[in-house]
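Colleague: I am new to this one. Could you walk me through it, please?

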Amino acid sequence: LCQLALYLTQEGLTARAQGAWEEARALIVDANERDKAYAVYAIAQARAGFHSEAETIARRRITEPTERVAVFSSLASELVSKGLWDQSQRIIGLITKEYDFTDVTPSILDAILTRLSIELAHHEQWWQAQETVRAISGKEAQGRALMGIVNELARAGQSEMAQDAWNKAED
């Protein structure tokens, strides 16, 4: 039923997807399995363009921090790819709050934020990319993110900015 709800969501049949989802949800009794199912559904919602629905599911229904972060990560990527910068930055902010409030392994959060900073740079959102790097707790991960930004800056012909980012990465 979860797969059916996923398919219906991808096809834009949201009312039918919601019905299939509610039926599936009623059958899942284990909290961890329910969180995983919610995460799959929320990610499908994000990919189908139902961004606020995906965020709502992650915030209100998913109790497992790792699953919630997975949804936020997917949602942020979708928003970045669609050029919705302010919304993506807000979701990235939710991911960074997970450093303080959950037991999600910091290296997982570092990897997610590294990937998002490079995605932002790929879309020439330099300031947001650098802000995202500042939120990364691990110095090694910050360096990887900065190197990814340098690569994107060089690709875009922004040699002066690339040099500045390179200098930061060396520090």
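**How two helices lie together**

Modeller: Gladly! Helix 5 and helix 7 are roughly parallel to each other, a term for angles under 35 degrees, while over 145 is roughly antiparallel, 65 to 115 roughly perpendicular and the rest oblique. This is a predicted model, where local features need pLDDT of at least 70, side-chain atom pairs count only at pLDDT 80 or more, and totals for chains, interfaces and linings use all residues. Residues are numbered from 1 along each chain as its sequence is written, and side-chain values use heavy atoms, leaving out hydrogens and water.

Colleague: At what angle do helix 5 and helix 7 pack?

Modeller: Axes are lines fitted to C-alpha atoms, for helices over the stretch in contact, and angles run from 0 to 180 degrees between N-to-C directions. For helix 5 (residues 65-81) and helix 7 (residues 106-122), the axes are 10 Å apart and the angle is about 5 degrees.

Colleague: Which residues of helix 7 make the contact with helix 5?

Modeller: Contact means heavy atoms within 4.5 Å. Helix 5 brings Val69, Ser73, Ala76, Ser77 and Val80, and the partners in helix 7 are Leu109, Ile112, Arg115, Leu116, Glu119 and Leu120.

Colleague: Is helix 5 largely enclosed or largely open?

Modeller: Buried means under 20% relative accessible area, exposed over 50%, and partly exposed in between (1.4 Å probe, protein chains only). Because 14 of the 17 residues of helix 5 are buried, the helix is largely enclosed by the rest of the structure.

Colleague: How many helices does the protein chain have?

Modeller: Helices (H or I, at least four residues) and strands (E, at least two) are DSSP runs, numbered from the N terminus. In the protein chain there are zero strands, and the number of helices is ten.

Colleague: Where is histidine 51, and is it buried or exposed?

Modeller: Histidine 51 sits in helix 4 (residues 51-60). Leaving aside neighbours within four places in sequence, its contacts include Leu75, Glu78 and Leu79. With a relative accessible area of 13%, histidine 51 is buried.

Colleague: What is the phi of glutamate 124?

Modeller: Glutamate 124 lies in the loop between helix 7 and helix 8 (126-134), and is partly exposed, with a relative accessible area of 44%. Although glutamate 124 is not a glycine, its phi is positive, at about 60 degrees.

Colleague: And which glycine follows helix 5?

Modeller: Its phi is also given: positive, near 75 degrees. The residue is glycine 83.
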